[in-house]
Amino acid sequence: MKSSKYQARKPDESGFIEYTEEEHETWGILYHRQIELLKGRACDEYMNGIEELVMPSERIPQLDEINQVLEDKTGWGVARVPALISFDRFFKLLADKQFPVATFIRAREELDYLQEPDIFHEIFGHCPLLTNQDFADFTETYGRLGLTATKEERIYLARLYWLTVEFGLVNTSEGLRIYGGGILSSYGETGYALESDIPVRAPLDPLTAMRTPYRIDILQPLYYVIDDLSVLHGLREMDIMALVHQAMAMPLLPPLFEPKPQGDAA
């Protein structure tokens with residue numbers, strides 16, 4: 001996306017970000033319906049992270065509240081950013097163990113979906129798993145690789161990120177569970193990802209994931225599954241850039257979705 005109608009909120013001199021009563025109510029609506037839906041669907045590591053963060057259910061949390069927990073657990077934190085940032089800044093923040101958070105919340109008419117990530121997606125969807133060391137370390141590695149990658153290499157890295165950090169599923173002894181933040185923060189995609197017969201679910205192979213086209217504006221037609229979050233630790237020990245170069249020399253897989261009217265799927 002090149003532009004957004006949303007403007008991130010700036011803090012006052014004490015670092016406090018002011019939100020309206022309606023914005024706090026929007027957070028409450030999103031939080032309550034999603035936390036209930038995720039019971040028995042989100043992975044244990046995510047639910048443990050929810051407990052660790054003790055994020056408020058009736059108001060938008062302040063970033064310092066999240067930072068205090070993440071710093072103690074994994075050395076991570078969150079950083080206030082505008083609604084949209086450059087890829088360079090995104091990768092730099094991740095490499096520095098800072099997860100970017102745009103400090104706006106979606107309008108009521110976009111309660112179920114918006115393309116740009118808001119504070120609910122970033123804080124509720126991603127931050128609980130940043131209390132998990134395997135997930136946090138993989139995210140840092142991704143940032144470091146992306147920071148020095150070329151524009152074309154970043155496209156292949158982005159596919160791996162999208163199909164793991166954003167839309168990944170994990171096998172557990174109790175069945176499939178969600179660990180991808182794009183699903184965890186989406187009311188519609190949560191049930192669809194686990195229970196619908198429509199999408200394909202396949203074991204994660206990083207080289208295959210890098211060759212898998214995706215669209216950001218639809219329910220995903222394909223989810224890659226890992227056996228445990230420790231798989232992410234194993235990924236960061238691979239030569240990921242060698243896999244990127246291997247993928248670049250191979251054709252993309254056929255997309256499992258209809259193209260946008262204007263084209264340009266990732």
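Predicted model: local features only at pLDDT ≥ 70, side-chain atom pairs only at ≥ 80, totals over all residues.
**Briefing: a buried aspartate and the fold around it**

At 0% relative accessibility, Asp118 counts as buried. The protein has 12 helices and six strands. Of its 266 residues, 54% count as buried.

**Asp118 and its surroundings**

- Asp118 sits in the loop between strand S2 (98-102) and helix H5 (119-126).
- Its side chain makes a polar contact of 2.8 Å with the side chain of Arg106.
- Which residues does Asp118 contact, leaving aside neighbours within four places in sequence? They are Ala102, Phe104, Ile105 and Arg106.

**Overall form**

- A compact globule of 266 residues would have a radius of gyration near 18 Å, and the protein agrees because its own value is 18 Å.
- Along the principal axes, the C-alpha atoms fill a box of roughly 50 × 40 × 40 Å.
- Take the contacts with a separation of 6 or more: residues 24 or more positions apart account for 67% of them.

**Nonpolar cores**

- The largest nonpolar core has 76 residues.
- Among the residues with the most contacts inside this core are Trp27, Val78, Ile123 and Phe124.
- Helix H7 (residues 151-166) gives this core its largest share, seven residues.
- Phe124 touches Tyr31, Gln34, Ile35, Leu38, Tyr46, Ile50, Met55, Ile119, Leu184 and Ser185, not counting residues up to four places away in sequence.

**Leu160 in helix H7**

- Leu160 is placed in helix H7.
- Is Leu160 buried or exposed? Leu160 is buried, with a relative accessible area of 1%.
- Leaving aside neighbours within four places in sequence, Leu160 is in contact with Phe138, Pro206, Ala209, Met210 and Ile240.
- Leu160 and Lys92 are 68 residues apart along the chain. Their C-alpha atoms are separated by 18 Å.

**Helix H9 and its cover**

- Helix H9 spans residues 187-195.
- Its buried residues are Glu189, Thr190, Gly191, Tyr192, Ala193 and Leu194.
- What covers these buried residues includes helices H1 (21-37) and H8 (181-184).
- The cover also includes strands S3 (169-172), S4 (175-178), S5 (200-203) and S6 (222-226).

**Strand pairing around S3**

- Strands S3 and S4 run antiparallel and are joined by four bridges.
- S3 and S4 form a hairpin, with two residues between them.
- Two bridges join S3 to S6, and this pair runs parallel.
- Val170 takes part on both sides. Its bridge partner in S4 is Arg177, and it stands opposite Ile226 in S6.

**Salt bridges**

- How many salt bridges does the count come to? The count comes to 14.
- Glu36 and Lys39 meet through their side chains in a salt bridge of 3.1 Å, N to O. Glu36 is partly exposed, at a relative accessible area of 48%.
- The side chains of Lys73 and Glu52 form a salt bridge of 3.3 Å, N to O. Lys73 lies in helix H3 (residues 63-74) and Glu52 in helix H2 (residues 44-53), so this pair ties together parts that are 21 residues apart in sequence.
- Both partners of that pair are partly exposed: Lys73 has a relative accessible area of 35%, and Glu52 has 37%.
- Asp88 and Arg154 meet through their side chains in a salt bridge of 2.7 Å, N to O. This pair links distant parts of the chain, with Asp88 in helix H4 (residues 87-95) and Arg154 in helix H7, 66 residues apart.
- Asp88 counts as partly exposed, at 46% relative accessibility. Arg154 is buried, with a relative accessible area of 15%.

Key. Residues numbered from 1 in each chain as written. Heavy atoms only, no water. Core = buried A, V, L, I, M, F, W, Y, C linked by side-chain atoms within 4.5 Å. Buried < 20%, exposed > 50% of the residue type's maximum accessible area, 1.4 Å probe, protein only. Contact = heavy atoms within 4.5 Å. Salt bridge = Lys/Arg side-chain N within 4 Å of Asp/Glu carboxyl O. Polar contact = N/O pair within 3.5 Å; in protein donor to acceptor, adjacent residues only side chain to side chain. Pairing = 2+ DSSP bridges. Rg over C-alpha atoms; globule rule 2.2 N^0.38 Å.
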